[in-house]
Structures are given as C-alpha cells and as structure tokens.
Amino acid sequence: MSLTCVADVVAQLDRGAVASAAPLWLQVGPYRLKLLCEGPLREELRVYFHEALGREGLADVVVEVLDGQALTADVPPWVEWAREPGKTGRKDAIHALSDGRLVHKLRTGVTFLQSEAAVIAFGPCAQHPNQVVNFVNTQILNMAQRQGWQMCHAAAVTDGARTLAIAGLSGGGKSTSVLRMMDLPALSFVTNDRLLVRAATPFPEALGIPKEPRINPGTILHNARLHPMLGAERLAALRAMPQAQLWHLEEKYDLIVREIYGSGRVRYGAPLTDFWVLNWQRDTPEATRIEQVDLAQRPDLLGAIMKSPGPFYQGADGVFLSNHGGPVAADYLSALAGVRVCEVSGRVDFDALMQAGGDLFGGGAVG
C-alpha cells in the first residue's frame, strides 16, 4: 500500500488508543488546543504544560499522541529537509501527501502527521517527550503565523508594561541572559526560544509559547540559582573545563520555571517594547556595549531575529512551506515597528547585561 493521502496514513494507525483518554486542554493567548495522550506520557505532559492548562472548550486544534505505533505500509524515500544556514547535521525529513505532510525525525524515529484533517504524533514518543512538546507548540506557532504573527528566534521577559526580547546566533547566550533577568522579582518569563510578534499600537504584541527553557551546562554553571539542577561532582567537572569546550558542550537540561523561580512567574502575552540582539564575543577585551540601531539598516541583526516556520508549517490556504522557503524581512520590520532595538557588542559579560536589564526595567515609564 502506498501512502498518498492523509486517509492512507490514518488507516495505518489505531486512533482509538487515545479516544477514551482524558484530554489536556491548553490555552495560549487566543489559541486553544486539545491534547489526547495516555499512560505515563500524559502525566508528564500535564506537568510540563502546567502554566498553559486551560478550561475545556472549542479546540482550534486536536493533537493526538500515539506512542509506540508505526506505519505498516512502506513510506517512499524520505526527502531531507534543508536546515537553516549555520546549522549542521541531519534532522528532519518529509514525505508529501496530497492533503498533508509526514515529518520524520531522523535521529529519534518519531514521526508526525501534519494536516488540516488530523494532527498526530506517533512512534517512540514516550522516549522523546520533548519532541511531542515541540509538536504541540508548533500548532500554536502555525495558527498564529496564519493570522499575521511573525516568529522570532528569541527569548523574552516582561513586567507587564515593558517586555525585553533577546536574540542572537544559536549558542549566543540568550537563554542565559533571560534567566539572569528572571532574578529580578518583578519580571515574568515569556518564552525561551520562539517569540511571536504582531504589529499593534503603541507597541507590537508579543506572545510566547509553553516551552520551558532547555539549557546547556554553561547556563547552569554561571547562575548560582540553577546549581541544584546538577550535582556537586558534575559542577566541579564543568568548572574544570576550558571555556571554549564548555561553550560548545552538547548537553541539555529542562528548567521548569515555577520550580526555580516560584509560581506565577510565567506570562505568555505582553507588549513588546525592547529587543536586544547579542553580537558579542568571548575573546575581546572591549567592554560590553548596548547601542540602539536601525534594524532596517542591519540585515545581519535582523537575520538573527528571523526564524523559518519549518517543515510543519501549513498556510491558511493549505499549502505547506517549501523546502527552501523562509521568512520575509519586510514582514519582520513591519511587525517590529515601534520597538527599540539595540545591538549588544563587546565582550560576553552576563553581569553587565543583568545590570543593564535592571536599569531598563527600573527606569520608570515606558517610552
């Protein structure tokens, strides 16, 4: 049997496995999702999505998680999805259907059906819950982008009136920077890696997603509040590493915001007033500088902010993003109109950035 349409894929799966499971209802901004999952994975997802749990209602999207299931029909050769500039390694592959798309994670074997008729994760989902989390968040991102939001590769914090987003090249320190800002008790966490922005007056709207910070050992090592996440022996080993090796260490940990910073410290929606782009260096003697820039004149900095919707994105017309499709600079410039954008240059200095953040949020009225 060949897989040419969504019905062919669905026929290979047992959707009844989650039909009787108690749904998890998620609410992020105006978007409501119904998540169907069973077993220990359901409880793991319930705990993870604690801040986004909402009331039962009309769902914009229903996401089904069919752990351990696999297609019995042969899938034609997967087409590898081209990664963004600067990214290496094989990650995603796709198979086009007449009315949907299969996306396959090459490293883990988890597969996703993305379509208007059904949204399903299957394969070894329980072994890779983070990929299920990402798939759920992809649905929020898809809905928002269909309604004109732009997706930024950024982390953000807010005090409700003023919001600071921080972007930079991958591994540039945006997660470390934002978590240092969270030491300011008046601030709430908005998002760690994906920030949605839409033009509004007097400031653009910002919307985060329920994705807890997934941080590297260096972020933990340089923030004493996070040290309990690792044992003393591991911390000692990290301190003994050369800084260059520590910076590039491929090792990730999930930080649950409420466990570290207390309850009530997450706020997904806020007005976006400030955007800092990290363009600093580890090997320069120059002091850290934060200087306002005209983003229209700095395509290099804009490139650090923009983020491709990726292989899961299906537009309102039902058409999927092509393998080499990407974001449009003009759309981002329009969405970010009214935001004060600054370049962070000089040497990497999280203490200096923290001080500047304190000055920003303690500086009185927005404007």
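**Reading ring pairs and strands**

Mentor: Tyr-48 counts as buried, because its relative accessibility is 11% and the cut-off is under 20%. The model is predicted.

Trainee: How many aromatic pairs does the structure hold?

Mentor: There are 5 aromatic pairs. Take Tyr-48 with Phe-49: the ring centres are 5.4 Å apart, and the planes meet at 85 degrees.

Trainee: Why is the pair of Tyr-48 and Phe-49 edge-to-face?

Mentor: Look at the angle between the ring planes. Over 60 degrees counts as edge-to-face. The planes of Tyr-48 and Phe-49 lie at 85 degrees, so the pair is edge-to-face. Trp-280 and Phe-350 also make an edge-to-face pair, with 5.2 Å centre to centre and 85 degrees between planes.

Trainee: Which parts of the chain does the pair of Trp-280 and Phe-350 link?

Mentor: Distant ones, 70 residues apart. Trp-280 sits in the loop between strands S18 and S19, while Phe-350 belongs to helix H12. Both Trp-280 and Phe-350 are buried.

Trainee: Which residues do ring pairs link into a cluster?

Mentor: Phe-112, Phe-135 and Phe-312.

Trainee: What order do the strands of the open sheet have?

Mentor: Read across the 4 strands: S9-S13-S14-S17, paired antiparallel. S9 and S17 are the edge strands, each pairing on one side only. From one strand to the next, the twist averages 30 degrees.

Trainee: How many bridges pair strand S13 with strand S14?

Mentor: The antiparallel pairing of S13 and S14 runs over 3 bridges. Leu-196 faces Leu-207 of S14.

Methods. Residues are numbered from 1 along each chain as its sequence is written. This is a predicted model: local features need pLDDT of at least 70, side-chain atom pairs count only at pLDDT 80 or more; totals for chains, interfaces and linings use all residues. Side-chain values use heavy atoms; hydrogens and water are left out. Rings of Phe, Tyr and Trp (its six-membered ring) pair if their centres lie within 6.5 Å; planes under 30 degrees apart count as stacked, over 60 as edge-to-face and the rest as tilted. Buried means under 20% relative accessible area, exposed over 50%, partly exposed in between (1.4 Å probe, protein chains only). Helices (H or I, at least four residues) and strands (E, at least two) are DSSP runs, numbered from the N terminus. Two strands pair if DSSP finds at least two bridges between them. Axes are lines fitted to C-alpha atoms, for helices over the stretch in contact, and angles run from 0 to 180 degrees between N-to-C directions.
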